[in-house]
Amino acid sequence: MALHFTSERRLDDGVLERAFTLGEIPGILWTPASAPARASAPTPLILLGHPPLGLQAMYPRLVARARRAVADGFAAATIELPGSGDRPRRADADRARADLRRAMEAGEPVGDEIVDALILPLVDRAVPEWQAAVDALLPLPGLGGPVGYSGGVISIGVRLAMVEPRIAAAGLYAGSFVPRAMFDEARRVTVPLHVLLQWDDEGNDRQAALALFDAFGSREKTLHANMGGHTGVPRFAGDAVADFFTRHLK
């Protein structure tokens, strides 16, 4: 898929923000104000994962994460997930979300069938698109890897870390439903991992998140658990993620 930049602007801290399309997929690239001092030391790239709420809705959180990444010496990029934002709706995803709402409103357990229907098709579509984004972004002037993945949906991060050899490290956010099939994939993940868990996350199965962490095959893996709900991530948790990527991508 061809990458075309559609707009660019300088943020107030000098970060260059460029919107792009990859085929029909919208995305955003954030890069430092100036090129690397040495062409032989290209800027590492961090892929910013996010829930399927649409880039416009997620932009305030994404740009804050991107600014931090660029301040730490990285480039950052994100793409719109399938069925989100202005991309065509997916009937299977809409049905799965409706089933999820019904179960949660009725106070019923969210069964494996609902989780599989909600997450697995998204992973199957999103991961090849992330790989296509890496294909298109790494040849750009000043970029060149290594590449990290940061954020959620955690199952997308698991699959991407398993199948994409250019991913050198992953910082995963445990805050979404996890299909049972992902536990087998987690055992095949070997890159260094930093997993962030909000202990009181109302939308996350804590025991499933702990079991997934235990399943990862990585020799180096860290679980950073904090008290609080889904949106209560403390600032120092972000500092820990930044330190993790600095150690493993530079």
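Q: Which backbone nitrogen lies 3.0 Å from a polar atom of the side chain of Glu80?

A: This is a predicted model. A polar contact is a pair of N or O atoms within 3.5 Å. Here the backbone nitrogen belongs to Leu55, at 3.0 Å from a polar atom of the Glu80 side chain. Glu80 itself is found in the loop that runs between β5 (75-79) and α2 (91-105).

Q: How are the rings of Trp130 and Tyr149 arranged?

A: Planes over 60 degrees apart count as edge-to-face. There are three aromatic pairs in the model. In one of them, the ring centres of Trp130 and Tyr149 are 5.9 Å apart with the planes at 90°, so this pair is edge-to-face. Because Trp130 belongs to helix α3 (residues 112-137) and Tyr149 to strand β6 (residues 143-151), the pair ties together parts 19 residues apart in sequence. Trp130 and Tyr149 are both buried. Phe244 and Phe245 also form an edge-to-face pair, with 5.2 Å between centres and 65° between planes; both of these residues are buried.

Q: Over which ring does the charged end of Arg18 sit?

A: The ring is that of Phe5, whose centre is 4.5 Å from the charged end of Arg18. Lys250 lies over the face of Phe74, 5.0 Å from the ring centre.

Technical notes. Residues numbered from 1 in each chain as written. Predicted model: local features only at pLDDT ≥ 70, side-chain atom pairs only at ≥ 80, totals over all residues. Heavy atoms only, no water. Helix = DSSP H or I, 4+ residues; strand = E, 2+ residues; numbered from the N terminus. Polar contact = N/O pair within 3.5 Å; in protein donor to acceptor, adjacent residues only side chain to side chain. Phe/Tyr/Trp six-rings, centres within 6.5 Å; stacked < 30°, edge-to-face > 60°. Buried < 20%, exposed > 50% of the residue type's maximum accessible area, 1.4 Å probe, protein only. Lys NZ or Arg CZ within 6 Å of the ring centre and 35° of its normal.
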